Amino acid sequence: MCLDSQGRCWPVRQVLLFISIFSLSSVFGQVTYSIPEEMSKGSLVGNIALDLGLDVKRLKSGKARIYTGDNAEYIELNKDRGVLLVKERIDRESLCGQTTPCALHLQITLEDPIEFFTVTVEINDINDNAPSFKKDEMKFRISESAVIGAKFVLERAMDLDVGVNGLQSYSLKPTDNFHLKLQNQQDGSKKVEMVLQKHLDREAQEHLSLTLTAIDGGDPQLSGTMRVEISVLDVNDNAPVFTQEVYKVTIAETAPKGTVLSTVNAIDADQGSNGKVSYSITNTLDDVPLMFKIDEENGVVALSGNLDYEKAQQYEIHVQASDDGGLTDSCKIIVEVTDTNDNHPSINIMSKTNSISEDSRTGTVITIFNVEDPDSGENGKVSCSIKEHMPFLMKTTSKKFFSLVTDSELDRERASEYNITVTCSDEGVPSLSSSVTLTLQISDVNDNAPVFERSSYEAYIVENNTPGLSIFTVKARDADWNQNARVSYLLEDSSVNGVPVSSYVSVSADSGVIHAVRALDYEQIKDFQFRVKAQDGGSPPLSSNVSVKIMIQDQNDNPPQVLYPVQTGGSLVAEMVPRSADVGYLVTKVVAVDVDFGQNAWLSYKLQKATDRALFEVGLQNGEIRTIRQVTDKDAVKQRLTVIVEDNGQRSRSATVIVNVAVADSFPEVLSEFTDFTHDKEYNDNLTFYLVLALAVVSFLFITCLVVIISVKIYRWRQSRVLYHSNLPVIPYYPPRYSDTLGTGTLQHVYNYEVCRTTDSRKSDCKFGRAGSQNVLIMDPSSTGTMQRIQSEKSILDEPDSPLEVRHL
Ligand SMILES: *[C@@H]1O[C@H](CO)[C@@H](O)[C@H](O)[C@H]1NC(C)=O
Ligand SMILES: *[C@@H]1O[C@H](CO)[C@@H](O)[C@H](O)[C@H]1NC(C)=O
């Protein structure tokens with residue numbers, strides 16, 4: 001098809017048809033031909049002879065000429081054939097430009113006759129020119145913010161062809177953002193504009209390249225193109241966009257300052273400063289700005305403070321990214337702080353006992369304390385313990401409360417103070433711990449009795465001590481404390497030989513020193529026992545006792561006592577030795593005793609003086625006086641021996657005894673000889689007599705008074721009894737010792753012996769016996785040679801080896 005702007009169609013063949021129509025009608029010299037331009041040289045334009053009705057010969061004869069005027073000779077006349085031919089290529093565009101119709105006006109002249117013919121050759125346009133643009137391309141710089149409907153004028157195209165072959169339309173491709181708008185102008189041309197129909201987006205397409213095509217209406221159609229290059233100018237139409245909305249970071253609470261947590265990244269699609277992103281932290285209320293910092297340029301988030309899991313386990317950092325145009329985006333960084341075992345457990349004592357009694361029950365609470373570990377999980381799980389081997393137990397009351405209780409019985413005497421170190425450690429790795437030391441005093445209870453250092457005591461004291469002498473010290477210890485351990489000593493009541501022991505000894509209550517109260521006499525008491533009690537000051541007090549035995553040591557304080565022969569002032573005892581006595585005849589035996597003990601009582605007998613030393617000897621050990629030679633008639637009747645008895649004590653004591661021996665066969669002989677002895681002592685005997693007499697008188701008066709007093713007493717008693725009872729006979733009371741002796745009126749000595757007889761002098765168990773009789777020797781000074789031997793005494797003395805202890809009352 002070949003539609004032009006008016007919708008008409010021009011087929012090529014029609015040109016030829018048009019020529020033929022005009023040829024037929026130009027009888028008077030006018031012919032019109034219509035040919036297309038650009039026909040090749042020699043192409044037939046028209047059969048002019050025929051069309052003008054002329055004979056070919058006429059043309060020749062007529063010297064037909066063609067006149068083209070100023071125009072170049074495009075057309076030539078072929079007189080031979082009578083046709084017009086194209087002489088030169090005809091370009092309608094250069095011939096006529098845009099003028100239409102375009103025609104060549106020719107005149108053909110003939111001579112003979114002159115004839116004048118007008119030939120018009122219409123040159124028809126053929127589509128030989130494509131539309132064209134002056135420039136190959138047009139450049140635009142359009143902001144991406146250009147509004148829809150914005151118009152941009154494009155260059156128009158030119159098409160030399162006319163009519164339907166001329167420029168017909170434009171097209172612009174692609175049509176994504178722009179469409180073409182053609183506007184008819186007054187001069188018939190068209191204004192070509194491109195109109196923005198969709199927003200430009202630099203970020204999507206920075207450069208657009210469009211093609212503007214101008215199309216003519218020829219057949220075939222021709223077209224020309226021009227590139228329209230559009231640079232899209234950036235506008236800050238894009239906000240920065242974070243690559244992630246939420247970042248999650250985990251960091252240990254011990255991370256040092258400067259540790260990089262994360263790098264946030266925001267992308268801004270814009271260009272240049274519009275696309276330059278800077279980062280900032282926008283938190284304001286919390287302490288995030290202190291804890292974290294962000295690099296403005298590159299978005300590196302780092303730690304700037306010290307984390308503490310115990311204060312904050314999580315942070316939310318709000319980060320803003322902004323470009324220079326003020327567009328922003330934000331993201332969140334969630335920082336999880338992980339716990340590190342960086343806290344020691346802290347022990348707080350809530351209640352505390354500094355001292356408990358040693359009799360406290362098992363399970364008594366000593367201390368309650370609370371343990372805090374701010375760490376979490378295992379790092380904050382705390383357990384407490386104490387050193388082993390302590391009578392205490394750690395009890396867990398709840399997760400954080402512990403109590404320390406006694407676990408077994410306490411004994412202040414074993415341990416009076418405990419330093420209890422409580423150690424609490426968490427279960428972190430490595431574990432952290434802290435400890436506290438409690439000092440617990442165990443207070444005393446009086447649970448220990450005093451204990452004597454020895455189970456019994458024995459002590460010696462030498463007799464004849466000074467009263468008040470300290471004998472020795474008993475000591476008891478008390479394991480308790482202070483008052484409970486203050487021991488005082490007491491003498492337990494007992495009696496020794498019927499006398500309270502306290503009259504023998506006393507105990508100093510404070511010191512336990514035992515003093516003798518009185519002078520002790522070994523001859524009276526050899527030992528005695530008593531108990532001393534030690535008592536502490538507790539309440540109630542505890543006590544114990546110990547037996548103490550005091551042994552009295554003998555001193556040589558008694559001289560030997562001669563029992564036989566009895567020495568009296570006035571009396572005279574003589575042993576008779578018959579003149580026929582042999583050598584070794586036992587004259588008599590000196591019997592002496594020493595009430596002391598042991599060596600002190602070990603007696604020896606020596607002859608001190610003798611009338612005739614050659615006649616007698618004394619047994620050193622036994623005191624036997626024997627003859628050592630035959631008695632002769634020359635020997636004096638009266639023999640006087642002085643025997644000294646010595647004990648074996650340290651400072652020996654002695655006694656002397658005079659033994660009279662009568663060497664005679666008959667008693668009268670003796671008497672005659674011995675009167676001398678008595679005369680010598682006449683004065684002495686008289687004195688003795690008077691003394692005895694005086695004693696007897698005094699005794700008699702005393703007894704009489706006593707009898708009178710007692711009689712009066714009894715009389716009064718009887719008087720009172722008679723009033724109530726029957727009348728019993730009054731028995732007067734006479735001390736027995738005096739009744740007998742008074743009768744004789746010759747009392748000289750009264751002896752009362754208590755004889756203690758032992759086989760071993762060291763043994764203390766004595767059998768006391770009272771001598772069966774009172775040894776009373778009565779000697780009339782006027783009578784001589786009277787001798788009495790008391791049988792009972794003799795029997796004892798017959799055993800000279802057995803030691804005798806005589807208690808002299
Ligand atoms: C307990 O500690 C104190 C002071 O540190 C010390 O003087 C005392 O001897 C200790 N006691 C024991 C039983 O260790
Ligand atoms: C002395 O102690 C014994 C036990 O050692 C006790 O049996 C006795 O009763 C105590 N005597 C006195 C008088 O306290």
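Mentor: Gladly! Let us begin with strands: a strand is a DSSP run of E with at least two residues, and strands are numbered from the N terminus. In this predicted model, Pro-220 sits in the loop between strand S13 (207-216) and strand S14 (223-233).

Trainee: What makes the peptide bond from Asp-219 to Pro-220 cis?

Mentor: Look at omega, which is near 0° for that bond. Another cis peptide bond links Lys-173 and Pro-174, with omega about -10°. Pro-174 also lies in a loop, between strand S10 (167-173) and strand S11 (178-184).

Trainee: Why is Glu-38 called partly exposed?

Mentor: Buried means under 20% relative accessible area and exposed means over 50%, with partly exposed in between. Glu-38 has 23% relative accessibility, so it counts as partly exposed. Its phi is near 70°, a positive value in a residue other than glycine. You will find Glu-38 in the loop between strand S1 (30-36) and strand S2 (44-46).

Trainee: And how do you know whether Asn-497 is buried or exposed?

Mentor: Use the cut-off for exposed, which is over 50%. The relative accessible area of Asn-497 is 61%, so this residue is exposed. Asn-497 is not a glycine either, yet its phi is positive at about 50°. Its place is the loop between strand S37 (495-496) and strand S38 (499-500).

Trainee: How do you know that S33 and strand S42 pair?

Mentor: Pairing requires at least two bridges between the strands. S33 and strand S42 (residues 543-553) have 7 bridges, in the parallel sense. Within this pair, Tyr-457 stands opposite Val-548 in S42.

Trainee: What makes strand S33 and strand S36 edge strands?

Mentor: Each pairs on one side only: that holds for strand S33 (456-462) and strand S36 (488-491). The open sheet has 4 strands in the order S33-S42-S41-S36, with mixed pairing. On average, neighbouring strands of this sheet are turned by 30° against each other, direction ignored.

Trainee: Which residues are around ligand 2?

Mentor: They are Glu-492, Arg-531 and Asn-545. To be counted, a residue needs a heavy atom within 4 Å of the ligand.

Trainee: What makes the approach of Asn-545 to ligand 2 a polar contact?

Mentor: The cut-off is a pair of N or O atoms within 3.5 Å. A polar side-chain atom of Asn-545 lies 2.6 Å from an oxygen atom of ligand 2, which meets it. As for cover, ligand 2 taken alone exposes 360 Å², and the protein buries 30% of that.

Notes:
Residues are numbered from 1 along each chain as its sequence is written. Chains are lettered from A and ligands numbered from 1 in the order in which they are written. This is a predicted model: local features need pLDDT of at least 70, side-chain atom pairs count only at pLDDT 80 or more; totals for chains, interfaces and linings use all residues. Side-chain values use heavy atoms; hydrogens and water are left out. Axes are lines fitted to C-alpha atoms, for helices over the stretch in contact, and angles run from 0 to 180 degrees between N-to-C directions. A polar contact is a pair of N or O atoms within 3.5 Å; within protein, one must be able to donate a hydrogen and the other to accept it, and residues adjacent in sequence count only if both atoms are side-chain atoms. Accessible areas come from the Shrake-Rupley method with a 1.4 Å probe; for residues, only the protein chains shown count as cover. Buried means under 20% relative accessible area, exposed over 50%, partly exposed in between (1.4 Å probe, protein chains only).
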